[in-house]
Amino acid sequence: MIDSFVSFIPYLTAASAGISAYSAIKQGKAAEAASEYNAEIQQQNAAFAREEADEFVRIADRETYLRLGAIRAAQGANGGTANEGSVFDVLADTAAESERERQYIIRSGEMKARGFESTAGLSLMEGRSARSAGYLRAGSELLSGTASAYAQRGRLSRT
Amino acid sequence: MPTLKTFTSRFQGLPISGGRAATAGDFGAEQAQATGELARTAAKVGDAHLQNVEEAEARRALVGTTEIRAKYARELDQAAQTGANTEDLKIKMDADLSKVGEEFQTSKGKASLDMYAANTYLMFDEQANRIEVQRAAATARLEGQKYIVSSSALIQGNPLYLPEAERGVDDLISTFTRIGPEKRAEMALELKQNLNMSAALAYARIDPETTKRKLEAGEWNLTSEQRNVALNRATTEISARRAEESYARARQKEELIERDDVARDKHFKDVYAGRGSRRAILDDADLRPQTREHLLMVMDRHEEHTLTAEKKSDPVSIRNAWTKITNGEWMTSEKVVELVAQGKLHARDGEWLTTIVRQQKDENGRSINASLYAMASSFQRSLEQDPHMAAAKFTGQIPAIVNEYTAMAQEQINAARQANDPGALRELFDPKSKKFLGSPDFMQSAVTRVKTRKQEELRSKIPTALTREEYDALPAGALYIGPDGNQATKGGPSGVHKGVIRSGD
């Protein structure tokens, strides 16, 4: 009895190879899309980190202003002036300290933002690599599938 | 100094990234992977199915060809017995093998079928070739046997034909081209050895001693078994000849002994009957030297015993014997010899009694022989004086008639003696008796018998003329016997036969 399915097996193998190749490309593209999405999020995070650092700087400036005002007010209440003797030293010292804190906040924010930007870059690179890998796998699938189909065709008798 | 108030900010660091990172699966990678897996699985299923089909076809090829191989092996076995053509079987097997691969779809199935079919063809060809070779060998063997039978017949008659017959074997074997050279050489050797065997057997029959020596020297191309058989045949022939010679010698010796026994018995009886003589014993060629010597010694001893021994005959026996001889009851000496042999009579007395028997007297007191002699003499004288017997006297027939008379009379006397009839013996010499030997009738009967015999002798020399042709063939004046049985002379007065003999009789 003739088994008609047998003669379609090479074509089935070839078709499955095409589908596998397509799926490999599809997987690569999906991985690339996910990486691009993640990179975008990291870029946004970097911007947020800088905005946050600017906000912390404005808060630190405000606190410094208030702290210096409190010192001057206290000196005035004690009958002195702000430009005299030890008060002046205190104000100068406080102002210096505040500035140092302000610079620290700015630097911390910048470092955080750079970390996000670095991650975004890596994610983009990962996406491109996944896409390339998808193409390569697709090629491999096509090649092996074609070879199998050719071999199966050879296994069938040529009548 | 016033203390500065401590100030702490109310804002801390805000969380920047609260969500999770995106993955490829979020963009359909898993679906694509599943699709690829599905495709690969489908391909594997197809490949597995193809492999199953290949194995099934290879199996069918093996089973199918094996069945066909077995079937045609049986067919070939039958063909070997029935003599069927193997080429027809191969064509049928080819068709059957083609049917096995009709629905094959894979190369592996076809290749398996080709391989098994090739093995099947190989086995078929081997078996068919073996059958063909066997048939050719059987034919060759049959032809060879026919040749051997005819050639052996020639060799049996003339062993020198062997070299020619061996050349014939080479010519015969060279015609069997379907048989391998090794087999042909083997058959040629076997046929030649059979021919050599025939020649050796023929020589063994003709000259067994020489043949045996030649066989032992390795002459003739024979197997060891054939050589042993030929040697045994030669030995048997030698033994048979020796046995034949031995039998002949034994038979000759046996005949010599038999003749010796007969002669010894005769002489022994003669010796004890007193009739023996040394001359007779010495001249008897049937006697062996030792028997002759023994008989002479016996004779000497017997004579010595007879002459010198104190032994005497039994008085009663000798008296009775004398009385019976004298009374004429014993007219022969057989009874006397019997008594001597029984030891009842001394040989000397036996000799004496025998003499008395021989000298028995007739009624006139003369011995029988003397009476017979006297009658024969007077008969001869009367014949010579009878004028009717002048012709007989002239032709010398008188003595023949007298001898005939004497023989006839002796027959009568012997008959009377054998019958122990004294009356009958006396009647023979009694002139008043009808049986008197001197009567004219008795004497005339002797004359008649002689004349009749003479006439028959003459008539046997005269030709017969029963037909006209036989009569005409006779010369003029020739004597002949006519159809009436009478003697006549052609052209003479008795030519009356001319009328009696008819032409064509």
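**Two helices in chain B**

Modeller: Helix α5 (residues 181-206) of chain B packs against helix α6 (residues 208-216) of chain B at an angle of about 140°, and their axes are 6 Å apart. Helices here are DSSP runs of H or I, at least four residues, numbered from the N terminus. An axis is a line fitted to C-alpha atoms over the stretch in contact, and angles run from 0 to 180 degrees between N-to-C directions. This is a predicted model: local features need pLDDT of at least 70 and side-chain atom pairs 80 or more, while totals for chains, interfaces and linings use all residues. Residues are numbered from 1 along each chain as written, with chains lettered from A and ligands numbered from 1 in written order.

Ala200(B), Tyr203(B) and Ala204(B) from α5(B) meet Pro208(B), Thr211(B) and Leu215(B) from α6(B); contact means C-beta atoms, placed from the backbone, within 7 Å. By class, that's 5 nonpolar, 1 polar and no charged (Ala, Val, Leu, Ile, Met, Phe, Trp, Tyr, Cys and Pro are nonpolar; Asp, Glu, Lys and Arg charged; the rest, Gly among them, polar).

Now for the meeting of the chains: 39 residues of chain B contact 42 of chain A. On chain B's side, α1 (29-82) and α3 (107-157) each give two or more residues, and α1(B) has the largest share, 15 residues. This side has 18 nonpolar, 13 polar and 8 charged residues.

Technical notes
Contact = placed C-beta atoms within 7 Å.
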